[in-house]
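Thanks for coming. I have one model to go through today, and I will keep to local features. Please have a look at it first.

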Amino acid sequence: MSSPQTANLVTVESVSVSYGVKPVLDGVSLGVSAGDRIGVVGRNGGGKSTLVKLLAGQSQPQSGRVARARGLRTDLLGQQDDLDPTATVRAVVLGAAAEHVWASDPQAREAVQTLLAGLDLDAVIAPLSGGERRRVALARLLVGDQDLLILDEPTNHLDIEVIAWLASHLARRFAAARGRGLVVVTHDRWFLDAVCDTTWEVHEATVSSYAGGYAAYVLARAERDRQGATGQAKRTQLIRKELAWLRRGPPARTSKPQFRIDAANALIDAEPAARDSLALSRLATTRLGKKVLELENVTVQRGGRNLLDQVTARFGPGDRIGILGPNGAGKTTLLRLLGGDVDGGVAPDSGRVDRGSTVAVGHLTQGPGDLDLRRTPLQTVEDIGRVAVSGGGELGGGQLLERFGFVGDRLVTPIRDLSGGERRRLQVLRVLLDQLNVLLLDEPTNDLDIDTLTVLEDFLDGWPGTLFVVSHDRYFLERVCDHIWALPGDGSFTMLTGGVEDYLTRGSGRGTTEPGKAPQEAASGSGSADRPGGSGRTGQAQRRTAGKQLARVERQLAKIDAHERQLHADLAEHASNFSRVCALDIELRSVLADKARLEEEWLETAAEADGPNC
């Protein structure tokens, strides 16, 4: 069957869908054209999955019309896979294709090498873990040849290295294949920016379209709310804060800006930094004292190997630590070690863990937690007092319930009748309300939509305590944490001065080997994947040169960031010495000017390193 030649792949005209009396989509008209890369965002339960099932032809509207181009080849990766439990991995992904056939296709070979690394191709599907099944389902689609590929939460269960590979793979694949389209539903904001050039927001039974990825969507949405100016002050404030972070934070150094800098600056000129780290550190010291958690020559063994091997580390009041590592490296075990007796804590096999006398630990696990399913969200928080935040403010349980999306009848709905995403929201909120001063968050972004993630980040901006976060959500880590530590699974536990990018650079060879093949062989076998036909060597050389210059600028920025933090600490220490404060202030202004100059240089160099059509 030939590929469709029409510009429009799918056209949706005046489509409406309701569940009971609740409209999910009401009179929606939109289309997917050849060359589109569309990201779909919106609240959990807002209609995103309903929309993509309509696009894929897996469901029909109650009214309206969905037209597809003749001969359209479409595949949908749903949130739940439909794999045959009795089939083998090879049969599901490759069908009856001979090895020399799929191995000669760079696209299929790359997907198999990356997503199925460590899996036996002849293994049966039934005993595989949820994460392994997700990789198999994704690999099955990526070895195919579709005109329209639709992915619903493709990053679920993937570690940060595979997410980075998937973003690169999709961007290259659909930039080159201009006659095809991609639609992605995801709450991973970094992934949206890396892959998509259009964003659809599903809200209030309608769909709004914005040009660009997540950063452009935030700008356009903030401007829309500013112009509307009708009862959305809180929502607009959160969006503006998010925009300020996008402009000033690490994401601005990891992708080219996708919105006009002048327009962004007009909205955020009066917006303060995401959080006042100095004020939070002072408040955290008041609550915690100087000693929080210390590891002294700690060794932890599981399954015959050392997850931690003679590790020594110290964490103080107000530290915000992100923890990265491949699946199975022991990140959850590490949190349980730090938590002590909280939620089934573990003890080291050797060495010791010292905790400050005032430490009170809260642990958000990946499991369902201890929510009483008979109670309502309102009953769950009614025994909680008001929670202090930085700046002297306080928030009550009811206020936070509203912020986390529990309004109207959802406040008094039994927890057993809530969706999985709503239960996760309530579980996160319950931990935040427990008046603790050390938080251990294990994959806190699971099942949370972007709006809820923004609210959670806003709350953590003002939370005065020590924070440890395990997550594969790159955006969330960079947004919430000040330092990134790596747990690679070899027994080490080290801080990465270059953050997430440093981690990906160090682990750039892992997780991409074909089953049964050494990493070196896999790398040599797929070397031509990035330059079809061997063309573009001159451009690649230029990008390599720009990449080296980019690394130099990033090293300088890292040094300036460290110098800036030290100056802020010195200002706090010598606050009563007027002459010393004046001298430090002059030095700080000079450092900030150098930082601004380097960031502009970074943006220009990043554009050269990315090359055209990125």
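Some ground rules. This is a predicted model, in which local features need pLDDT of at least 70 and side-chain atom pairs count only at pLDDT 80 or more, while totals for chains, interfaces and linings use all residues. Residues are numbered from 1 along each chain as its sequence is written, and side-chain values use heavy atoms, with hydrogens and water left out. Helices (H or I, at least four residues) and strands (E, at least two) are DSSP runs, numbered from the N terminus.

I start with the strands. Strand 1, residues 8-19, pairs with strand 2, residues 22-33, in the antiparallel sense, over eight bridges. Pairing here requires that DSSP finds at least two bridges between two strands. Val15 has Val28 in strand 2 as its bridge partner. Two residues sit between the strands of this hairpin, and Gly20 there takes a positive phi near 70°. Strand 1 also runs antiparallel to strand 4, residues 63-68, and five bridges join them. On that side, Val10 stands opposite Arg68 in strand 4.

The term means a side-chain nitrogen of Lys or Arg within 4 Å of a carboxyl oxygen of Asp or Glu. How many salt bridges does the structure hold? The count is 24. One of them joins the side chains of Arg65 and Glu13, at 3.3 Å from N to O. Arg65 is in strand 4 and Glu13 in strand 1, so this pair ties together parts 52 residues apart in sequence.

For accessibility, buried means under 20% relative accessible area, exposed means over 50%, and partly exposed is in between, with a 1.4 Å probe and protein chains only. Arg65 is partly exposed at 46%, and Glu13 is partly exposed at 37%.

Next is the pair of Asp451 and Arg43, whose side chains meet in a salt bridge at 3.8 Å, N to O. This pair links distant parts of the chain, 408 residues apart: Asp451 is in helix 16, residues 450-461, and Arg43 is in the loop between strand 3 (37-42) and helix 1 (48-56). Is Asp451 buried or exposed? Asp451 is buried, at 19% relative accessible area. Arg43 counts as partly exposed, at 28%.

A further salt bridge joins the side chains of Asp145 and Arg180, at 2.7 Å, N to O. Asp145 lies in the loop between helix 5 and strand 6 (148-152), and Arg180 in the loop between helix 6 (160-176) and strand 7 (181-185), so the pair ties together parts 35 residues apart in sequence. Asp145 is partly exposed at 41%, and Arg180 is partly exposed at 22%. Both belong to a network of salt bridges that links Arg73, Asp145, Asp147 and Arg180.

Now the helix pair. Helix 4, residues 106-115, packs against helix 5, residues 130-142, at an angle of about 175°, with the axes 9 Å apart. That makes the two helices roughly antiparallel. Axes are lines fitted to C-alpha atoms, for helices over the stretch in contact, and angles run from 0 to 180 degrees between N-to-C directions. Angles over 145 degrees count as roughly antiparallel, under 35 as roughly parallel, 65 to 115 as roughly perpendicular and the rest as oblique.

Which residues meet? Gln107, Ala111, Thr114 and Leu115 in helix 4 meet Arg135, Leu138, Ala139 and Leu142 in helix 5. Contact means heavy atoms within 4.5 Å.

Two residues other than glycine have a positive phi. His157, with phi near 70°, lies in the loop between strand 6 and helix 6 and is exposed at 52% relative accessibility. Glu443, with phi near 50°, is in the loop between strand 17 (438-442) and helix 16 and is buried at 8%.

Leaving aside neighbours within four places in sequence, Ala56 is in contact with Arg68, Thr74, Leu76 and Ile150.
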